[in-house]
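Me: I am new to this structure and would like a close look at a single part of it. Please take the pairing of the strands towards the end of the chain, and then go on to what surrounds that part.

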Amino acid sequence: MDKLYQNEVLIVEDDDNIRRFVAIHLDRAGFKVTEAAIGEMALKSLSISRPNVVVLDIMLPDMDGFEFCRKLREVDPDIVIVFLTARAQDLDKIRGLELGADDYIVKPFNPLELVARIKTVLRRTQKLAEPHRKTLQSGSIRLDLDANKLFKHDCIIEVTPKEYQMVKTFLENPNKALTRNDLLNLIWGEDFVGDTKTVDVHVRKLREKIEDDCSKPQLIETVWGLGYRWSKEA
């Protein structure tokens, strides 16, 4: 069965043994791997297919890794660059990072650490690249306003549109006592003709879905003689 890859790594390393050693471990970790022994070959490869990560040696036969890094950053500011080199001087590390590298690993190295650090950089950069999602959150309860979804402890909770609107109304008014008429007007609309018991029914069903113990509610508190309140401390 063919592997399903999420991220691709280009290894730019002139030492065949090291390059294959790195490639084997990255492949085992689930990366698609391409290889180049010289800088020009790598640059041509990049013009055909863009990897997520470049693992880069400094001492290449046709150009040094610093020059490669500079050229790559001019055309692609977002690709992850990890130096993997025998040059351990602090000045080299500083130069590499100032040129735009995301990490700098010195040989000899632990291949498991290399894989772990690549994954860490990818998580960080991919998270920064994600568009900011609009959310409302209180404790373990989170509303994804873009997707219209309700989560508890990051697990999706299936709710009706009115139940979703009820949670949204509560989260927008934490610790505020809302009357049944307030909730009817905000969720069903001022033109709604019906009994305030509609609110009680929806609160009861919602508690069954989001409370740890709906007989002892900690999220949606009853305000006797008035209505309900969302507990901000829950």
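Reply: Thr222 has Tyr228 as its bridge partner in strand 12. The model is a predicted one. The pairing to which this bridge belongs joins strand 11, residues 220–223, to strand 12 in the antiparallel sense, and it runs over 4 bridges. Strand 11 and strand 12 form a hairpin with 3 residues between the strands. In that hairpin Gly225 has a positive phi near 80 degrees.

Strand 12 also pairs with strand 10, residues 178–179. This pairing is antiparallel too, over 2 bridges. Here Leu178 is the residue whose bridge partner in strand 12 is Tyr228.

Val199 belongs to the largest nonpolar core, which has 22 residues. Within this core, Val199 is among the residues that touch the most other members, together with Met166, Phe170, Ile210, Ile220 and Trp230. Strand 12 (227–230) is one of the elements that give two or more residues to the core. The others are strand 7 (141–144), helix 6 (161–172), helix 7 (180–188) and helix 8 (197–210). Helix 6 makes the largest contribution, with 5 residues. There is also a second, separate core of 19 residues, with Ala36, Ala42, Leu56 and Cys69 among its members.

His153 sits in the loop between strand 8 (149–152) and strand 9 (155–157). Its phi is positive, about 50 degrees, although His153 is not a glycine. His153 is exposed, because its relative accessible area is 56% and the cut-off for exposed is over 50%. Asp154 lies in the loop between strand 8 and strand 9. Asp154 is not a glycine either, and has a positive phi of about 65 degrees. Asp154 has a relative accessibility of 61%, so it counts as exposed.

Another backbone feature is the cis peptide bond that joins Lys107 and Pro108, with omega about -5 degrees. Pro108 is placed in the loop between strand 5 (103–106) and helix 5 (111–129).

Helix 5 also has a part in the largest pocket, where it supplies the largest share of the lining, 4 residues. The volume of this pocket is about 190 Å³. Its lining has 12 residues, and those nearest the centre are Arg50, Asp78, Ile79, Val80 and Thr125. By type, the lining residues are 5 nonpolar, 3 polar and 4 charged.

The structure holds 1 cavity of 30 Å³ or more, and the largest cavity has about 30 Å³ of space. Its lining is made up of Ile11, Val12, Glu13, Ile18, Val22, Val55, Leu56, Asp57 and Leu84. Strand 1 (8–12), helix 1 (16–28) and strand 3 (53–56) are the elements that give two or more residues to this lining. The lining residues of the cavity are 7 nonpolar and 2 charged, with no polar ones. Leu56 is named both in this lining and in the second core.

Key. Residues numbered from 1 in each chain as written. Predicted model: local features only at pLDDT ≥ 70, side-chain atom pairs only at ≥ 80, totals over all residues. Heavy atoms only, no water. Core = buried A, V, L, I, M, F, W, Y, C linked by side-chain atoms within 4.5 Å. Buried < 20%, exposed > 50% of the residue type's maximum accessible area, 1.4 Å probe, protein only. 1 Å grid on protein atoms, 1.4 Å probe; cavity = no way out; pocket = protein on both sides within 12 Å on 5 of 7 lines; lining within 4 Å. Points joined across faces, edges and corners; volume = space filled by probe spheres on them. Nonpolar A, V, L, I, M, F, W, Y, C, P; charged D, E, K, R; others polar. Pairing = 2+ DSSP bridges.
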